[in-house]
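Me: I would like to go through this structure with you, one topic at a time. Could you start with how the chains meet?

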Amino acid sequence: MTTSEGFIAPKFDQDAGRKLAIICSKGTLDMAYPGLIMGNGALQEGIELHLFYTFWGLDIIRRKTVDKLSLTPVGNTAMRIGSTSLAMPQTLGALPGMSSMASWMMRGKIKGLGVPPVHEFLTQVAEAGGHLWACKMSVDMMKLTKEDFIDEVEDIINVAEFLDLSRDGQIIFI
Amino acid sequence: MPTATIAGREVSLNDEGFMTDPGQWTEEIGATLARQIGIDPLTEEHWKVIRFLRSDFDAQGETATLRRVSTVAGLATKDLYTLFPGKPARKMAYVAGLPKPKGCV
């Protein structure tokens, strides 16, 4: 756009009215991040954001588990040794302490990139205007209540409510 | 590459309108760019962000992400969204005469 003073200025209103809803169904440390990174990025672009946590994804927003998310090398053929192409032997991954070690290493790498830990990231997303929701059916199944979730979670909602919130938006399933 | 006269100085812009030479920037240019995107006037809080971005760019060679502005300069994320509404990271880089940040957070 050419401004009144005669020079081009970026179009900062291109994403006005855009809406993104991300369904987070996995509760491991590695799978907590895609929704948070993409969601946070959307907020920075002025896009309305709804994060809907369901099934195992509830671990990401539970008070008792938010700081204890982990990942396991077992069954993950993409887990390499360092930056080589060598796959971590599955029997090695099953040894006691390997999940803790893998989780510890990943936390370190994430921190090294300047990316916040999960709880702090959720707070940041909420402060930036992002909405966090818990899935009613999963909450009932796991016999949880609103009190089990971190303060940033706005409410427990069902599918119909989620569909209302995400109307005309883009939906991503993780 | 387009050039334009902003606040009395000749500056180079890219196709989007971002300045391509941070060395051409002055505070007067910053204030004019801000006005163009509806941020007027620039308050002391805005300047705190802009000055941090400029000095951090000098030191690091790349534009600070929102997260970096918040953790290193100690400014609350919430406030950054209020000061530069809509697209905070891009808008603050634009006003500071810097490229868009490359980082994701």
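**Chains, sheet and cores**

Reply: In this predicted model, 24 residues of chain B are in contact with 21 residues of chain A.

Me: Which elements of chain B supply at least two residues of the side that touches chain A?

Reply: They are β1 (3–6), α3 (66–72), α4 (77–83) and α5 (88–95) of chain B. The largest share, five residues, comes from α5(B).

Me: And how do the residues on that side of chain B divide into nonpolar, polar and charged?

Reply: There are 13 nonpolar, four polar and seven charged residues on the side of chain B that touches chain A.

Me: Let us turn to chain A. What does its secondary structure come to?

Reply: Chain A has six helices and five strands. Along the sequence, they follow the pattern β-α-β-α-α-α-β-α-β-α-β.

Me: What is the order of the strands in the sheet?

Reply: The five strands form an open sheet in chain A with the order β4-β3-β2-β1-β5 and parallel pairing. At its edges are β4 (153–157) and β5 (170–173) of chain A, each of which pairs on one side only. On average, neighbouring strands of this sheet are turned by 25° against each other, direction ignored.

Me: Over how many bridges do β3 and β4 of chain A pair?

Reply: Strand β3 (residues 131–135) and β4(A) pair over four bridges, in the parallel sense. Within this pairing, A:Cys135 has A:Ile157 of β4(A) as its bridge partner.

Me: Which residues have the most contacts inside the largest nonpolar core?

Reply: They are A:Leu51, A:Phe52, A:Tyr53, A:Ile61 and A:Ala134, in a core of 32 residues. Two or more residues of this core come from each of β1 (19–24), α1 (29–44), β2 (48–53), α4 (118–127), β3 and β4 of chain A.

Me: What is A:Phe52 in contact with, leaving aside its neighbours within four places in sequence?

Reply: The partners of A:Phe52 are A:Ala21, A:Ile22, A:Ile23, A:Cys24, A:Trp133, A:Cys135 and A:Phe162. A second, separate core has 21 residues, among them B:Ala34, B:Leu66, B:Val69 and B:Met92.

Me: Back to α4(A): which of its residues are buried?

Reply: In α4(A), the buried residues are A:Val118, A:Phe121, A:Leu122, A:Gln124, A:Val125 and A:Ala126. Their cover includes α1 and β3 of chain A, together with α4 of chain B. Just after α4(A), A:Gly129 has a positive phi of about 100°.

Me: What share of chain A do buried residues make up?

Reply: Buried residues account for 29% of the 174 residues in chain A. As for its contacts with a separation of 6 or more, 72% are between residues 24 or more positions apart.

Me: Now the helices of chain B. At what angle do α2(B) and α5(B) pack?

Reply: The angle is about 75°, and the axes are 9 Å apart. This makes α2(B) roughly perpendicular to α5(B), because angles of 65 to 115 degrees fall in that class.

Me: Which residues meet there?

Reply: From α2(B), B:Val49, B:Ile50 and B:Leu53 meet B:Met92, B:Ala93 and B:Val95 of α5(B). This contact of α2(B) with α5(B) has six nonpolar residues, no polar and no charged ones.

Me: What about the backbone: which residues other than glycine have a positive phi?

Reply: Among them are A:Lys143, with phi of about 50°, and B:Ala7, with phi near 50°. Most residues other than glycine have a negative phi.

Me: Where are the two found, and are they buried or exposed?

Reply: A:Lys143 is in the loop between α5 (136–141) and β4 of chain A. A:Lys143 is exposed, because 7 other C-beta atoms lie within 10 Å and the limit for that class is 12 or fewer. B:Ala7 is in the loop between β1 and β2 (9–12) of chain B, and is partly exposed with 16 C-beta neighbours inside 10 Å.

Me: How do the strands β1(B) and β2(B) pair?

Reply: They pair in the antiparallel sense over four bridges, with B:Thr5 opposite B:Glu10 of β2(B). Their hairpin has two residues between the strands.

Me: Last one: where is the cis peptide bond?

Reply: The cis bond joins B:Asp40 and B:Pro41, with omega about 0°. B:Pro41 lies in the loop between α1 (27–36) and α2 (44–60) of chain B.

Notes: Residues numbered from 1 in each chain as written. Chains lettered and ligands numbered in written order. Predicted model: local features only at pLDDT ≥ 70, side-chain atom pairs only at ≥ 80, totals over all residues. Contact = placed C-beta atoms within 7 Å. Nonpolar A, V, L, I, M, F, W, Y, C, P; charged D, E, K, R; others polar. Pairing = 2+ DSSP bridges. Axes fitted to C-alpha atoms, helices over the stretch in contact; angles between N-to-C directions. Buried ≥ 20, exposed ≤ 12 C-beta atoms within 10 Å, placed from the backbone. Parallel < 35°, antiparallel > 145°, perpendicular 65-115°, else oblique. Core = buried A, V, L, I, M, F, W, Y, C linked by C-beta atoms within 7 Å.
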